[in-house]
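Visitor: I am new to protein structures and would like to learn how the terms are used. Could you show me one and talk me through it?

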Amino acid sequence: MAEERDMTPQEEYGPVVGSCDHDGEEQVAPPSFEANQLSKIGHVIGVISGKGGVGKSMVTGILATQLARSGARVGILDADITGPSVPRMFGMAGKRLTALGNMFLPTISDGGVKVVSANLLLDHEDDPVLWRGPVLAGAIRQFWEETSWGPLDYLLVDMPPGTGDVALTVFQSLPVDGVVIVTSPQDLVSMIVGKAVKMANMMDIPVLGLVENLSYVACPDCGRKIEVFGPSKLPEVAAGYGLPVLGRLPIDPALAAAADEGKIEQAVPADALQDCVAAVREACAVVDAQA
Ligand SMILES: Nc1ncnc2c1ncn2[C@@H]1O[C@H](COP(=O)(O)OP(=O)(O)OP(=O)(O)O)[C@@H](O)[C@H]1O
Ligand SMILES: [Mg+2]
């Protein structure tokens, strides 16, 4: 008797766009997830990186805060199902998603940012999520199809590290208008940024530009920028890929502490990542103009 096994993500959701089957023929992308009547989502923007731990969630949190402060209606879909960090940053540790009928209702932060995250489904925020690929992809589907987001100008997607099932699901099944790539100074001297750029290109998703996180330390006395890892290579690297520089974030222990305490919205400096916010707005306005 054949042994029972879980379906691979490819079996359940289809192959990667542009990949070939055994006969060398191009395969068809899986269907997009359906929009629902209770969500009117203007634009979807992903925050990605070539490797983990460089500050995707921090950048997502800052962008959401800045957009919400300027009056936009903002949501965050925490696609980092197994390592979710968005609820904690927004003071939602210990909170649970509510439901209306069979739809999830996002948890709303003090600043009005709507968040859906696997973390808000757990009994304890430190419970591990031990789900296999197809279930992870299914969670993203539920966070889109079975969530009542209401009207949103921007839905930011905090991506998991790497190029696994979840990243593929987000890129293939959600209408992503563009991605912001987060890098660190060390990434800029290696292939890591290229990996993120290539992933977006392979998925046919526009890259809005690069943000360098942990870029420098600002001297607490005189404000001078100390480039701990040497002079930034960001402009050259961005130019090499034909991408704009969207901003540099300093190593900011106060911001990190505030994020840990659930107070990111109160702690984001007024000028943080404003060029990146502007780029998101412009890219979305261009999409609207073409619609
Ligand atoms: N600019 C910064 N200054 C100080 N600490 C930072 C900064 N950016 C991120 N951190 C801290 O570094 C850690 C990793 O950041 P973050 O969780 O945003 O990375 P990530 O890319 O989302 O990681 P993962 O790939 O695991 O999802 C966090 O503890 C965060 O608070
Ligand atoms: Mg993260």
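Visitor: At what angle do helix α4 and helix α5 pack, and how far apart are their axes?
Guide: Welcome! This is a predicted model. Helix α4 (residues 133-145) and helix α5 (residues 165-173) pack at an angle of about 35 degrees, and their axes lie 9 Å apart.

Visitor: Which residues of α4 and α5 meet?
Guide: From α4 come Gly133, Leu136, Ala137 and Ile140, and they meet Asp165, Val166, Thr169 and Val170 of α5. By class, five residues of this contact are nonpolar, two are polar and one is charged. Asp counts as charged, so Asp165 is the charged one.

Visitor: What makes a group of residues a nonpolar core?
Guide: Its members are buried nonpolar residues joined through C-beta atoms within 7 Å. The largest one here has 79 residues, and Val170 and Ile181 are among those with the most contacts inside it. Helix α2 (residues 56-69) gives the largest share of this core, seven residues.

Visitor: Which residues does Ile181 touch, leaving aside neighbours within four places in sequence?
Guide: Ile181 is in contact with several, including Ile48, Val193 and Leu210.

Visitor: How many residues surround ligand 1, and which are the closest?
Guide: There are 21 around ligand 1, and the closest are Gly52, Ser57, Met58, Pro161 and Ala256. The largest share of this shell, four residues, comes from α8.

Terms used
Residues are numbered from 1 along each chain as its sequence is written. Chains are lettered from A and ligands numbered from 1 in the order in which they are written. This is a predicted model: local features need pLDDT of at least 70, side-chain atom pairs count only at pLDDT 80 or more; totals for chains, interfaces and linings use all residues. Axes are lines fitted to C-alpha atoms, for helices over the stretch in contact, and angles run from 0 to 180 degrees between N-to-C directions. Helices (H or I, at least four residues) and strands (E, at least two) are DSSP runs, numbered from the N terminus. Two residues are in contact if their C-beta atoms, placed from the backbone, lie within 7 Å. A residue is buried if 20 or more other C-beta atoms lie within 10 Å of its own, exposed if 12 or fewer, and partly exposed in between; C-beta atoms are placed from the backbone. A residue is near a molecule or strand if its C-beta atom, placed from the backbone, lies within 6 Å of it.
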